[in-house]
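Subject: Structure handover

Dear colleague,

I am passing on to you the structure that we discussed, together with its sequence. My notes on it follow below the display, and I would be grateful if you read them alongside the coordinates.

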Amino acid sequence: MSTTTSTPTIPLGGPTLPQERRVVTAIPGPRSEELLARKAAAVPAGVGHTAPIHAVAAGGGVVVDADGNSLIDLGSGIAVTSVGNAHPAVVAAVQAQVAQFTHTCFMISPYESYVAVAEALNRLTPGDHEKKTALFNSGAEAVENAVKIARKATGRQAVVAFDHGYHGRTNLTMALTAKSMPYKSGFGPFAPEVYRAPLSYPFRDGLSGPDAAARAISQIEKQIGADNLAAVIIEPIQGEGGFIVPADGFLPAVADWCRENGVVFIADEVQTGFARTGAMFASEHFGIVPDLITTAKGIAAGLPLAAVTGRADLMDASHPGGLGGTYGGNPVACAAALAAIDAFENDGLIERAQQIGARLTARLNAMRESDPRIGEVRGLGAMIAAEFVDPATGAPDAALTSAIAKACIAEGVIVLTCGTYGNVIRFLPPLSIGDELLDDGLDVIAAALGRV
Ligand code: PLZ
């Protein structure tokens with residue numbers, strides 16, 4: 001691991017917030033309590049929240065709440081504010097664009113920033129083949145469109161998604177998502193022609209990458225048949241499913257099989273994209289070149305934007321007017337994306353993600369050595385997780401996981417859980433976080449682990 005305590009060169013942004021954990025009231029404090037009561041009365045219970053606060057400012061590595069508490073942000077709003085919240089270049093670009101024009105609809109009167117984002121994604125995504133990009137508003141919408149594009153290009157209908165996969169909450173993406181509660185339960189019927197294949201989950205299946213791929217491919221061939229299959233969609237590292245890093249060789253074997261069988265290989269990099277894993281895209285770690293890649297989250301530093309980027313021949317298969325949407329590639333979101341992409345490329349954020357990953361991994365592994373309830377520490381770059389188990393049986397321990405997360409939030413550290421079994425704590429700090437804050441956050445986690 002890197003032992004250098006480098007101060008990040010990344011601008012902190014937004015209001016210049018003291019980079020400190022500061023808990024001045026109970027969490028939630030009285031003002032957040034009031035706002036939470038209004039939320040409960042005005043917003044449906046289905047829209048949950050992790051931290052019982054209301055945010056008023058954020059930047060660097062902190063989120064400040066309505067009571068003046070400054071919480072360490074180890075979630076980045078689910079891997080979104082990777083360049084840092086209210087990054088100054090993003091703020092300036094958004095302010096300039098919003099004063100110029102807020103919307104024309106790209107399908108009515110196109111504008112340059114959309115094209116510039118497309119050019120940047122065509123250049124930055126894996127592979128040097130000819131690519132094109134279409135822009136949308138959310139990760140789920142990008143996934144929906146990737147499937148549309150693959151079906152149109154192949155003339156086939158079936159789509160394979162994997163165990164532990166997460167692809168969104170719209171009807172088709174709920175079908176693609178593996179976990180029933182809370183994402184799907186009671187919300188069916190789901191879109192047809194979606195099939196599920198087994199993943200590589202080394203901690204739980206003990207299979208080599210090639211063996212796990214052979215298992216998946218055999219199931220796909222027997223249950224669906226390559227001739228009927230338009231696309232295979234997979235997150236290179238499962239996000240909501242538990243930060244599962246597939247065994248070496250799994251992804252290349254699946255991608256090769258797709259290529260040999262005319263099946264479109266879609267990498268869903270909505271959570272893993274844009275420097276998060278210590279590479280611009282996680283596919284690079286596994287040596288795969290997806291036919292289509294979906295992105296969102298980190299792309300525009302918090303403004304709603306998403307993309308499908310991929311082989312020009314596939315992207316061009318749709319008839320004119322077949323792809324789009326009123327807001328897709330909104331000019332304000334595109335301005336934010338161009339500023340964020342510039343920061344990803346030029347502010348050392350890929351290296352910073354690697355440093356953060358090394359620091360998190362070393363510390364969490366040290367905790368694991370003295371506490372067998374941490375079954376595994378895994379992940380790449382600034383996308384790291386700890387899986388909690390019953391040491392005697394290896395069974396997932398969701399109750400312990402949620403108790404630790406709650407204890408951390410009460411102490412002023414925002415941590416997120418994930419995993420099919422709800423037994424994973426994931427770390428997705430903004431890449432603008434400093435080492436001291438990161439260490440303080442880890443101290444709080446270690447103390448919580450000792451207590452619960
Ligand atoms: N694909 C890989 O991670 C979003 C969802 C949180 P949207 N993940 C966070 C929740 O509980 O809703 C995600 C993802 C991957 C697609 C999506 C969907 O992206 O922008 O939330 O639609």
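Predicted model: local features only at pLDDT ≥ 70, side-chain atom pairs only at ≥ 80, totals over all residues.

Overall picture

The protein chain has 15 helices and 15 strands. Its radius of gyration is 21 Å, close to the 22 Å that the globule rule gives for 452 residues, so the chain is as compact as a globular protein of that length. Taken along the principal axes, the C-alpha atoms fill a box of roughly 60 × 60 × 50 Å. Of the 452 residues, 54% are buried, and among the contacts with a separation of 6 or more, 74% are between residues 24 or more positions apart. The protein chain exposes about 17600 Å², of which carbon and sulfur atoms supply 54%. As for the charges, there are 32 positive and 45 negative ones, and their mean positions are 5 Å apart.

Two domains

The chain is divided into domain 1, which is made up of residues 30-83 and 348-451, and domain 2, which covers residues 89-346. The centres of the two domains, taken over C-alpha atoms, are separated by 25 Å, and at their contact 40 residues of domain 1 meet 33 residues of domain 2.

T81 has its place in the loop between α2 (76-79) and α3 (88-100). With a relative accessible area of 8%, T81 falls under the 20% limit and is therefore buried. Leaving aside residues up to four places away in sequence, T81 touches D73, S76, A301 and P430.

F344, for its part, is found in helix α12, which spans residues 331-346, and this residue is buried as well, with a relative accessible area of 2%. Not counting residues up to four places away in sequence, F344 touches S82, V83, F274, A275, M280, G298, L349 and I350.

Backbone details

A275, one of the residues that F344 touches, has a positive phi of about 70° although it is not a glycine. A275 is also buried, because its relative accessible area of 0% is under the 20% limit. Another positive phi in a residue other than glycine is that of K297, with a value near 40°; K297 lies in the loop between β9 (292-295) and β10 (306-311).

There are also cis peptide bonds to look at. The bond from M181 to P182 is cis, with omega near 10°, and P182 lies in the loop between α6 (171-176) and β6 (194-197). The bond from G188 to P189 is likewise cis, with omega near 5°, and P189 lies in the loop between α6 and β6 too.

Conventions:
Residues numbered from 1 in each chain as written. Heavy atoms only, no water. Helix = DSSP H or I, 4+ residues; strand = E, 2+ residues; numbered from the N terminus. Rg over C-alpha atoms; globule rule 2.2 N^0.38 Å. Buried < 20%, exposed > 50% of the residue type's maximum accessible area, 1.4 Å probe, protein only. Contact = heavy atoms within 4.5 Å. Areas by Shrake-Rupley, 256 points an atom, 1.4 Å probe, with all protein chains shown as cover. Lys, Arg positive; Asp, Glu negative; His and termini not counted. Charge placed at Lys NZ, Arg CZ, Asp CG, Glu CD. Domains from an automatic or database assignment.
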